[in-house]
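I opened the notebook to record what I looked up in this model. The entries go from the whole chain to single residues.

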Amino acid sequence: MKMGSYNYFSKVYDELTENVNYKIRSKYITAFFDELGIKKGSTVIDLACGTGTFSKTLSDLGYSMIGIDSSEQMLSEAFSKLKGKIPLLNQKMQNFNLNRRASACICCLDSLNHLNRISEITETFKCVYNSLNKNGVFIFDVNTVYKHKYILADNTFVFDEDNYFLAWDNEQLENNSVRIILDLFIKCGNYYQRCTEEFSETAYEIDELKTALAPYFNILGVYDDLSLKPPEKKSERVYFVCRRK
């Protein structure tokens, strides 16, 4: 069974991301909120919210969250996790719109890498701009070109768990892109259901992202993962902290 991006993967996504440590990442993000005047109670967009873990964590910290994702399956998992307490919208990053503006927007765990053209990145930044109040804050992370070339490319990762088996195969493409093939076997009683999903992710140079941001945001900082240090040659993930113009 071959499905689109993350349709069946949503069933095991939370288990696969247990090492992400959402609480530490949320604390990292909210430290910028505190510094930039985004108070608890403010409306925050969780763009590409997936199964809603960041939405839940930030909601528990006192922020008023709105989750947006293009995957109905991911949103279904999020709805169950959030018990319907947080509004969830089924929209694409590059053309979403809201009927009210927010104080901040986050886009986490390399979600922007799912956009395979810089024009789509620019469209997403424009949508975020249109969704934020003046001086609103936009914080996102991306996988780096280094990670795509030397960590992901042409490597295979295997996850053998009690209720599923996953083979994660990566193939290097042109333009800093990686084709990702997920071969997932979900245990169903005495047999396994096999599902295959295929999609690609693209990494962008920091200067490309800065150029795409320039019409809409002032860049307050670009940081190596979970730090206040500038990115290094071998950084695998970087954070951008921006303010709406």
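What share of the contacts in the protein with a separation of 6 or more comes from residues 24 or more positions apart? I found 62%, where contact means heavy atoms within 4.5 Å.

**Ground rules.** The model is predicted, so I kept to its limits: local features need pLDDT of at least 70, side-chain atom pairs count only at pLDDT 80 or more, and totals for chains, interfaces and linings use all residues. Residues are numbered from 1 along each chain as its sequence is written, and side-chain values use heavy atoms, with hydrogens and water left out.

**Whole protein.** I counted secondary structure next, and the protein has seven helices and 12 strands. These are DSSP runs numbered from the N terminus, with helices (H or I) of at least four residues and strands (E) of at least two. The C-alpha trace spans about 55 × 40 × 30 Å along its principal axes. I then looked up the radius of gyration, which is taken over C-alpha atoms; the globule rule is 2.2 Å times the number of residues to the power 0.38. The protein has 18 Å, which agrees with the value near 18 Å for a compact globule of 245 residues.

The accessible surface comes to about 12,100 Å², and 47% of it belongs to carbon and sulfur atoms. Accessible areas come from the Shrake-Rupley method with a 1.4 Å probe, and for residues only the protein chains shown count as cover. Of the 245 residues, 51% count as buried. Buried means under 20% relative accessible area, exposed over 50%, and partly exposed in between (1.4 Å probe, protein chains only).

**Second largest pocket.** I looked up its volume, which is about 210 Å³. It has 15 lining residues, and the closest to its centre are Thr144, Val145, Tyr146, Glu205 and Lys233. Strand S6 (132-143) and helix H6 (145-152) are the elements that give two or more residues to the lining. H6 gives the most, with four residues.

For the terms, a 1 Å grid is laid over the protein atoms alone; a pocket is an open set of points where a 1.4 Å probe fits, with protein on both sides within 12 Å along at least five of seven lines, and lining residues have an atom within 4 Å of a point. Grid points are joined across faces, edges and corners, and the volume is the space filled by probe spheres set on the points.

By class, the lining has eight nonpolar, three polar and four charged residues. Here Ala, Val, Leu, Ile, Met, Phe, Trp, Tyr, Cys and Pro count as nonpolar, Asp, Glu, Lys and Arg as charged, and the others, Gly among them, as polar.

**Helix H6.** Which residues of H6 are buried? I found Val145, Lys147, His148 and Leu152. Their cover includes S6, S7, strand S8 (164-172), strand S9 (177-188), strand S10 (191-202) and S12.

His148 lies in this helix and counts as buried because its relative accessibility is 0%. Leaving out residues up to four places away in sequence, His148 touches residues including Asn113, Gln172, Asn176 and Glu201.

Lys147 is also in H6 and counts as buried because its relative accessibility is 13%. With neighbours within four places set aside, I found Lys147 in contact with residues including Glu236 and Arg237. Arg237 is 90 residues away along the chain, yet the two C-alpha atoms are separated by 7.7 Å.

**Strand S6.** Phe140 lies in S6. I call Phe140 buried because its relative accessible area is 1%. Its C-alpha atom is separated by 4.6 Å from that of Cys107, 33 residues apart along the chain. Beyond four places in sequence, Phe140 touches Cys107, Leu112, Phe125, Leu213, Val238, Tyr239, Phe240 and Cys242.

Most residues other than glycine have a negative phi. Asp154 sits in the loop between H6 and strand S7 (156-160) and is exposed, with a relative accessible area of 54%.Leu226 is not a glycine either, and its phi is positive at about 55°. Leu226 lies in the loop between strand S11 (217-224) and strand S12 (237-244) and counts as partly exposed at 32% relative accessibility.
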